[in-house]
Amino acid sequence: MIDKKQLTHLKQLEAESIYILREVAAQFENPVMMYSIGKDSSVMLHLAMKAFYPGKPPFPLLHVDTLWKFKEMIEFRDKRVKELGVELIIHTNPEGIKMDINPFIHGSKLHTDIMKTQALKQALNKGKFDAIIGGARRDEEKSRAKERIFSFRDYFHRWDPKNQRPELWNIYNTKINKGESVRVFPLSNWTELDIWQYIYLENIPIVPLYFAKKRPIVEIDGAKIMVDDERMPKHLREKAKIEKVRFRTLGCYPLTGAVSSNAETLPEIIQEMLLSRNSEREGRIIDKDQEGSMEKKKIEGYF
Amino acid sequence: MGQNLVATNIEQYLKEHENKELLRFITCGSVDDGKSTLIGRLLYDSKTVLEDQLSVVKRESKKYGTTNEEIDFALLVDGLQSEREQGITIDVAYRFFATDRRKYIIADTPGHEQYTRNMVTGASTANLAVILIDARKGVLTQTKRHSYIVSLLGIKHIVVAINKMDIVGYSKDVYENIKRDYLQMYEKLTKSLKEFKDSIHTIDFIPISALKGDNVVQKSTNIQWYEGKALLEYLDTIEISKDINQKDFRFPVQYVNRPNLDFRGFAGTIASGSVKVKDEITVLPSGKKSKIKEIILPSIGSDSKLVSIQEAFAPMAVTLTLEDEIDISRGDMIVHSKDCLTTSDTIVAMIVWMDEKPLELEIEYEIKRATTSLNVIFEEIIFKKDVNSWEEIKTDTLELNEIGKCRLSLTREIACDPYNKIKGTGSFIVIDKITNHTVAAGMIIDATKSDKKKRVYTEAEIELNRYIRKHFPEWGCISIEEKK
């Protein structure tokens, strides 16, 4: 089926992503890689380790910490960064800390805007980054299908879908003026299945929350929310039941729904994904805030 | 079958699916030709469409559907396109699906003439083009335009899907007539596109009905006279492994990896050909020689340990180390010493203009070719091509979506290959130095050293040259006048 001198689709995707990462390192003064600790981030970090081997990736990782991530995510982040010996920048919106933003009280919209979108802009302005590498895929969400791999942002981090640069072959235009930046998506052409399959093949460590386990769960607005700490209001916490669940996507714990599952291994996760016919974002509350919400958020500067 | 294996033996399924090939294709045709219906059906029948998306489409089919069927497949794609109406009207969308054999990336581009640049964008990475023809209408001007662009971009395989066969009573005559017309047109196209000879490897024809599903995923029982494959089987089995040039080794140096004093590696993606340890290489444009010491590719399954391999081929992303300490930087090209290229500072190329602001002669643009960036001046537009009639027209500028043959003068010499030999080193983009926009795509036809600069022409020769260019533009005579 595959010729001796031919790459399988996963190896082609891998080669394409490595090329993109190297292009960023070679063409920009001050790049940074977004690290959200999720499965796509894990794949991206793995590819960056490969791209510059035996050296380390010549750019830091940036984690925008909303302070509401799952505990296991933070543990995993710190462990992984230490193992690989890469540089990590953590940023939290200081105003958000002052306001003591709490998604249970302030709601997902305000929380996401202050702790994610605004925090991201702060971190990018502070770091004066000219290229920001992100793990988004085109199969994930409608407005992403049309986003370039090297996606230009103006001085205010705005994305203008009507005025994108044409992108031909594998030749990427990386020219920008001072203050402007480019968001780079090396995983654009990967699908969810490709990501899982690659994690499986390459043995890439991922946060244990992706695997099914018995966890304390509270049903809030139809979503299975895990009790991760004492900050969940007491009246909700008291309703918690132990259920066997896992997470298809990881974000802030009060805003990320779990799914009932028995998948305890990678092949079982992949099997479940292939047999279930719902998209991975079904558990994401922030996508459903309003119609076309992702496109709006992106124009405002969200990733 | 695949779904069965998922349920019963997932490990086996994963093993089989490690070895899928990747095929990228572009679909050409206007909305009326049934393009959305075709893509919708491919996505649906390959089970790419998820329940939450499908239930929306089912609901909409009852409301807006143009079919009496349960699902209007066009709505699957058009549904995704709805946000285009809110503003993203002219862009390429990339869609994905997979079969048991291959993973597919579809570049879905609008077919209208004003979107030529988007078609070029989608075609630049495609292995194959599906050109849709409405069986009732036959070969149209837009079929010609699409075929021209597909050929210009060096897509090796064309499959002409003659659609709406159900409306013409599955008539063999209709199909045969369109096929004959297309092949006649294609012969003229080949003559007209003399710049890139033999760029197409295969042309095939499939009678389909995207709406009824005839010959899309399943072979049609309505079209007994057709003995070929259904479209999906065709896509699954067409041989693409030989499309990459496996002979001429080209390695544009992308990044110099120097983590410590003991290691100096040259990272890059092999544009064509293959390389082995101990091969003798030459670095261009300096001409310095050395031998390959190591080929590094952290391999699958390892704990990111240093893994050297003995041989690497296109399009692998590797890091090379050399036996000698020679000065190499980004933009240089490593080739085998035995087929060393000459370098040149004048190139003739086909240019697709992509910017609102037209091309200006004599001003400096920047070009990016593989990993090399350098300044360039358009010396002359030899002709522009009418993409509908394939006529060559004399002009001094190219406007948005126009295609022309141009001579460009580079500020320094680079190693060049013609596009139809090696895409990776024969293609470039043009960047406006003030706006930073990507203003054009270029495909190299020919590269020469500019010894023309040494030759001094007499007044009489210049007069004669002017006369010929004015009265016989169809000869394509190049200007010999010194530019002011």
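## Cysteines

B:Cys28 is buried, at a relative accessibility of 1%. In this predicted model, A:Cys252 is likewise buried, with a relative accessible area of 4%. Over all chains, the structure contains zero disulfides. A disulfide is a covalent bond between the sulfur atoms of two cysteines.

## Confidence in chain A

The mean pLDDT of chain A is 88, and 89% of the residues score at least 70. Over residues 283-292 of chain A, however, the pLDDT falls below 50. In the model this stretch has 30 contacts beyond near neighbours in sequence. Where pLDDT is low, the predicted coordinates should not be read in detail.

Helix H2 of chain A covers residues 39-51. At 1.5 Å a residue, its 13 residues should span 18 Å, and the end C-alpha atoms are 18 Å apart, in agreement with that expectation. Because 13 of the 13 residues of H2(A) are buried, the helix is largely enclosed by the rest of the structure.

The loop between H2 and strand S2 (61-64) of chain A contains A:Pro54. This proline is joined to A:Tyr53 by a cis peptide bond, with omega about 5°.

## An open antiparallel sheet in chain A

Chain A has an open sheet of four strands, in the order S8-S7-S9-S10, with antiparallel pairing. Strand S8 (223-226) and strand S10 (259-260) form the edges, each pairing on one side only.

Strand S9 (residues 241-246) of chain A runs antiparallel to S10(A) and is joined to it by two bridges. A:Val245 has A:Ser260 of S10(A) as its bridge partner.

A:Leu67 has a positive phi, near 70°, although the residue is not glycine. A:Leu67 sits in the loop between S2 and helix H3 (71-84) of chain A. With a relative accessibility of 39%, A:Leu67 is partly exposed.

In chain B, B:Trp390 also has a positive phi in a residue other than glycine, here near 60°. The loop that holds B:Trp390 lies between strand S19 (372-385) and strand S20 (392-393) of chain B. B:Trp390 is buried, its relative accessible area being 9%.

## A cis peptide bond in chain B

B:Ala314 and B:Pro315 are joined by a cis peptide bond, with omega about 0°. B:Pro315 belongs to the loop between strand S14 (311-313) and strand S15 (317-322) of chain B.

How values were computed: Residues numbered from 1 in each chain as written. Chains lettered and ligands numbered in written order. Predicted model: local features only at pLDDT ≥ 70, side-chain atom pairs only at ≥ 80, totals over all residues. Heavy atoms only, no water. Pairing = 2+ DSSP bridges. Disulfide = S-S within 2.5 Å. Buried < 20%, exposed > 50% of the residue type's maximum accessible area, 1.4 Å probe, protein only. Expected span 1.5 Å × (residues − 1). pLDDT = per-residue confidence, 0-100. Contact = heavy atoms within 4.5 Å.
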